[in-house]
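My entries follow the display.

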Amino acid sequence: MGHAAGDMLLVELARRLRDMVRDVDVVCRQSGDEFLVLVRHVEHWEALGEISDRILKAVETPVAVPNGSARVSASIGIARFPDDAEDFEALVKSADIAMYQAKSLGRARYSFFYSELNEQLLAHLELEKQLAQAIRQGELVLHYQPKVDAQTGALVGLEALVRWNHP
């Protein structure tokens with residue numbers, strides 16, 4: 001739809017986000033299509049879920065752009081200060097981890113940060129690193145395994161298996 005339509009979409013989404021929060025709260029564009037919503041003085045975590053539900057509905061409403069309309073959805077990661085992080089950078093990182101969890105669950109969702117998410121992410125990154133090293137060092141071995149019909153004994157196919165000779 002072009003850059004102008006994309007800019008119009010972002011401006012409208014920012015306005016909608018601003019309409020969802022109080023005057024003491026902050027909405028800012030982090031980068032590209034990512035926004036931060038900083039909500040202050042929330043008594044209960046359930047209130048953050050309610051705000052997130054309202055934001056998701058507002059974002060999903062079609063936006064008029066030149067030559068038509070655009071529909072988008074959002075994924076929201078929620079992190080709380082100081083429970084989930086003690087400084088701004090760590091808080092944004094925790095919210096980002098929670099957002100990727102929300103994305104992995106499907107479209108138009110929100111997810112709260114919890115420390116196990118960070119542990120899972122770190123374990124996943126470590127596994128990716130080790131697999132890349134295994135490929136470079138030739139630790140993966142390809143095996144073919146025949147598939148045989150149990151009644152006739154006829155060969156009906158094969159399976160390719162990769163085994164990792166992990167040191």
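The entries below begin with conventions and then turn to packing.

**Conventions.** I worked on a predicted model, in which local features need pLDDT of at least 70, side-chain atom pairs count only at pLDDT 80 or more, and totals for chains, interfaces and linings use all residues. Residues are numbered from 1 along each chain as its sequence is written, and side-chain values use heavy atoms, with hydrogens and water left out.

**Helix 2.** I took helices (H or I, at least four residues) and strands (E, at least two) as DSSP runs, numbered from the N terminus. The 16 residues of helix 2 should span 22 Å at 1.5 Å a residue, and the end C-alpha atoms are 23 Å apart, which agrees. The expected span is 1.5 Å times one less than the number of residues. I listed its buried residues, among them Leu 48, Ile 51 and Leu 56; buried means under 20% relative accessible area (1.4 Å probe, protein chains only). These buried residues pack against helix 1, strand 2 (34–38), strand 5 and strand 6 (109–112).

**Cores.** A nonpolar core is a set of buried Ala, Val, Leu, Ile, Met, Phe, Trp, Tyr and Cys residues joined through side-chain atoms within 4.5 Å. In the largest, of 16 residues, Ile 55 and Val 59 touch the most other members. Helix 1 (3–20), helix 2 (45–60), strand 3 (63–65) and strand 5 (75–78) each give two or more residues to this core, and helix 2 gives the most, with 5 residues. Apart from it lies another core of 7 residues, including Leu 91 and Phe 113.

**Asp 84.** I found Asp 84 in the loop between strand 5 and helix 3 (88–105). Asp 84 counts as buried because its relative accessibility is 18%. Not counting residues up to four places away in sequence, Asp 84 touches Ile 78, Ala 79, Ser 94 and Phe 113, where contact means heavy atoms within 4.5 Å.

How values were computed: Buried < 20%, exposed > 50% of the residue type's maximum accessible area, 1.4 Å probe, protein only.
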